[in-house]
Amino acid sequence: MSTTPPDETESRKRLVALMTRHQRQIFAYIYTLVPDRHDAEDLLQETSVVVCEKFDDFTPNTDFVAWACQIAWWRIRYSRQKFARSKVVFDDEVLAAVAQTASEMAREIDERHEALALCLQKLAPRDRELVLTRYEPGGGVSEAARRSGRSMDAAYKALNRLRKLLHDCVTDRLAHGQGGVA
Amino acid sequence: MTLSDTEIIELNELCGAVVDGTLTDAQRVRLAACLRDSEAARRFYARALGQSASLHAYASELHAGAPDAPARVSRLTRGWFVALPAAAALVLVAWVALRVRPEAAPVAGEFVARLTGAKDARWTTPALRPGERLEKNQRIELAAGLAEITFDSGARVTLEGPASIAIASAWDSTLHRGTLKASVPPEAIGFRISNAAVEVVDLGTEFTMIADGRGAAEVLVLKGEVEAAPRAGPQEAILLRERESRRFAATGVSDVSDRERKFSLLHEPLLLERVTQATRLVHWSFDEADGPVLRAEAGGGPLDASDAQIHGGSPEAAARVEGRRGKALRLDGRRYARAIAPGISGSTPHTISFWIRVPEDAPLSEAYSIVTWATRSKKLGNRHAGINWNRDRTEGPLGALRTDFRGGHVIGTTSLRDGRWHHVAVCFAPGDDRSDTPVQVRQYVDGHLESSTVVTSRAPGPAVEEDPALADVIWIGRRLGPGGPRAERFRGDPDELFIADRGLEPTEIVALMNENRLPGTALAAQP
């Protein structure tokens, strides 16, 4: 037996569709402001809860990502009071400016995500392995250095070089209208 | 304004240091100055950090598919759902599904609680009767009287009408108005009740929430402690201990008026009419000193359960080891046992409960099957269901409890493959024969509800040979396949196997774990 009214069911379906489509963008936005994977995941969870609770306030056919990022922004502000001092990278003024830019760029960041998959494929296998080891769950620079037989210093340098290479590759693909489609 | 090459190289290095956690104070000051003053720098920063977010996602997907990767589980997939409302959980299920296995999809219409008691209850919504299962997202409107809801997590709440509550999941509900008294056992710590004014996370306790329906709520703690987070303003969560109370509203947090009288009322016992569910139960203790026969005890009514017979491997004397209680059955990858469990192949719910110890180095080839049985219902067809540990890391944590059946599976979170004893209970409810009724599976490990979401897979499991002799047979330590019993075996030590002919309540599962018996059910050896 379910007592959920039909319009509420429709509303929930819309919510799930929107979140499924845009959750990655919201995560990227959060991560940009809180550059720690676990903290960002926790904040995404908290944001998802509030988005669900307040979904009735969302105006259909308006910018869902901007609306959800606004909710994420308030969760980030709230959580900053609880973070250890060492985790706070910027003061409120700088963070607010970055948040504004990141919110405006959500669509571009999503397009870059798609293009990045193809740029990753273009890396030499050894370089790709280094990058993916650095970013895999439980990985890190030291694990990437260990597995690739590099010193820590060499691994940091290689990662910076590869991140820049990927950044340029993605920018180039988007500039030529290639996006994420090979 | 664009960035010069030098600025780009510097920013790239600074962004890398942020992501890798190596930013020095001097770099922090420099980066902050760049971001404060330059829109171009902010745009570069957003792209660089967004790229790292993407790399985390791609690396997670590939890591999940790596055959030899160590068993690490992202916090995204580990225990996320326990604290989420249903819609949020559904959303996250969808996202996790996209990240891990694109074809996986959650099944809606899941039962997460049961009405376990009532007194003089009058309902605004359609009347509910004690014993009735309650769905995710179900809203309950009690006009008057008392109603007790037991969540599958083990948390129990008593509503006093007029009251309105929305059940979000086995771990979460929203009290819109009315009075609620929550009792949360250790297994359900983390159970959450929210309201427009406050969100209360139970840390193992008894507490009451009184919601006025206009956005304010009072929280009074009777035992233990809770964490209460106000919804309004930036105020942090408050830890409330025994005999402490607060009122939460949009205007802020204040003392509860008339608190002594309210506390004294809460200590008055509530006499509810509870439903008593008959249970037929069969138990194999594996306590025989040796020999090929494993004696069955049955209780709760006539049941043609059989003693189990050990097959394969030798010598039989090596088939017992010290167990969690008395002796346990030693399954060495060759040995298995077979018994009759009446009704297990049909459509009615069953609970299969046992202790299990899986060696840390148990090979992936010996993950199948701790307990397996053929299914003979219209929905599940002539196939099989089995309780295993997960050996496919693309689908869930390696070693976690896993129940497979036609067209779906459920995977928990705790690895059983650690050489220690774990208590396992699986409530398996195939449901009626309508295809739109989901199969309900609740998995408990060490008394904790680990998973109840059914993930459907594209291809149904292979058909089992339509051998009538397979119906109502359980196999301990042997896998079934299209041709009937297969060569794959299980390595590990099961102990104290119980099969009950209904979905047991969380408190009953804890009783089986702690006391090795079901309250009110006497057992006797099978003739």
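This is a predicted model: local features need pLDDT of at least 70, side-chain atom pairs count only at pLDDT 80 or more; totals for chains, interfaces and linings use all residues.
**Figure 1. H267(B), an exposed loop residue.** Here we look at H267(B), in the loop between α5 (259–266) and β15 (273–274) of chain B. Because H267(B) has 8 other C-beta atoms within 10 Å, this histidine is exposed.

Figure 2. Let us step back for a moment to see what the close-ups belong to. Chain A has 8 helices and 0 strands, and its order along the sequence reads α-α-α-α-α-α-α-α. Of its 182 residues, 40% are buried. Chain B comes to 6 helices and 37 strands, and buried residues make up 50% of its 527 residues. Among contacts with a separation of 6 or more, residues 24 or more positions apart account for 66% in chain A and 58% in chain B. The model scores ipTM 0.93 and pTM 0.59. Chain B has an average pLDDT of 82, and 83% of its residues score at least 70. Within chain B, confidence is highest in strand β24 (residues 350–357), at a mean of 96, and lowest in strand β1 (residues 105–106), at 32. Please read residues 64–108 of chain B with care: pLDDT stays under 50 there, and the model has 88 contacts beyond four places in sequence for this stretch.

**Figure 3. Helix α4 of chain A against helix α2 of chain B.** This view brings together helix α4 (residues 92–104) of chain A and helix α2 (residues 25–37) of chain B, whose axes come within 9 Å and cross at roughly 50 degrees. The crossing of α4(A) and α2(B) is left-handed. On the chain A side, look for E93(A), V94(A), A97(A) and V98(A); they meet A32(B), L35(B) and R36(B) of α2(B). By class, the residues of this contact are 5 nonpolar, no polar and 2 charged.

**Figure 4. T32(A), a buried threonine in contact with both chains.** T32(A) sits in helix α1 (residues 6–33) of chain A. It counts as buried because 27 C-beta neighbours lie inside 10 Å. Leaving aside neighbours within four places in sequence, T32(A) is in contact with V98(A) and A102(A) in its own chain, and with A46(B), L49(B) and G50(B) in chain B. L95(A) is 63 residues away from T32(A) along the chain, and their C-alpha atoms are separated by 9.7 Å.

**Figure 5. Helices α7 and α8 of chain A.** Helix α7 (residues 141–148) and helix α8 (residues 152–175) of chain A pack at an angle of about 105 degrees, with their axes 9 Å apart. The two helices, α7(A) and α8(A), are therefore roughly perpendicular to each other. From α7(A), the residues V141(A), S142(A), A144(A), A145(A) and S148(A) meet M152(A), A155(A), Y156(A) and L159(A) of α8(A). This contact has 7 nonpolar, 2 polar and no charged residues.

Figure 6. V282(B) belongs to strand β16 (residues 281–284) of chain B, and it counts as buried because it has 26 C-beta neighbours inside 10 Å. A500(B) is 218 residues from V282(B) in sequence, but 6.6 Å from it in space, C-alpha to C-alpha. F286(B) is in the loop between β16 and β17 (293–294) of chain B. With 27 other C-beta atoms within 10 Å, F286(B) is buried too.

**Figure 7. Backbone details in chain B.** Most residues other than glycine have a negative phi, and most peptide bonds are trans. F286(B) has a positive phi of about 60 degrees although it is not a glycine. E496(B), in strand β36 (residues 491–500) of chain B, is also not a glycine and has a positive phi of about 50 degrees. E496(B) is buried, because 23 other C-beta atoms lie within 10 Å. As for cis peptide bonds, one joins G161(B) and P162(B), with omega about 0 degrees; P162(B) is part of strand β5 (residues 156–169). Another joins Y368(B) and S369(B), with omega about -25 degrees, and S369(B) is found in the loop between β24 and β25 (371–375).

Technical notes: Residues are numbered from 1 along each chain as its sequence is written. Chains are lettered from A and ligands numbered from 1 in the order in which they are written. pLDDT is the predictor's confidence in each residue, from 0 to 100. Helices (H or I, at least four residues) and strands (E, at least two) are DSSP runs, numbered from the N terminus. Two residues are in contact if their C-beta atoms, placed from the backbone, lie within 7 Å. Axes are lines fitted to C-alpha atoms, for helices over the stretch in contact, and angles run from 0 to 180 degrees between N-to-C directions. A crossing is left-handed if the near helix is turned anticlockwise from the far one by less than a right angle, and right-handed if clockwise. Ala, Val, Leu, Ile, Met, Phe, Trp, Tyr, Cys and Pro count as nonpolar, Asp, Glu, Lys and Arg as charged, and the others, Gly among them, as polar. A residue is buried if 20 or more other C-beta atoms lie within 10 Å of its own, exposed if 12 or fewer, and partly exposed in between; C-beta atoms are placed from the backbone. Angles under 35 degrees count as roughly parallel, over 145 as roughly antiparallel, 65 to 115 as roughly perpendicular and the rest as oblique.
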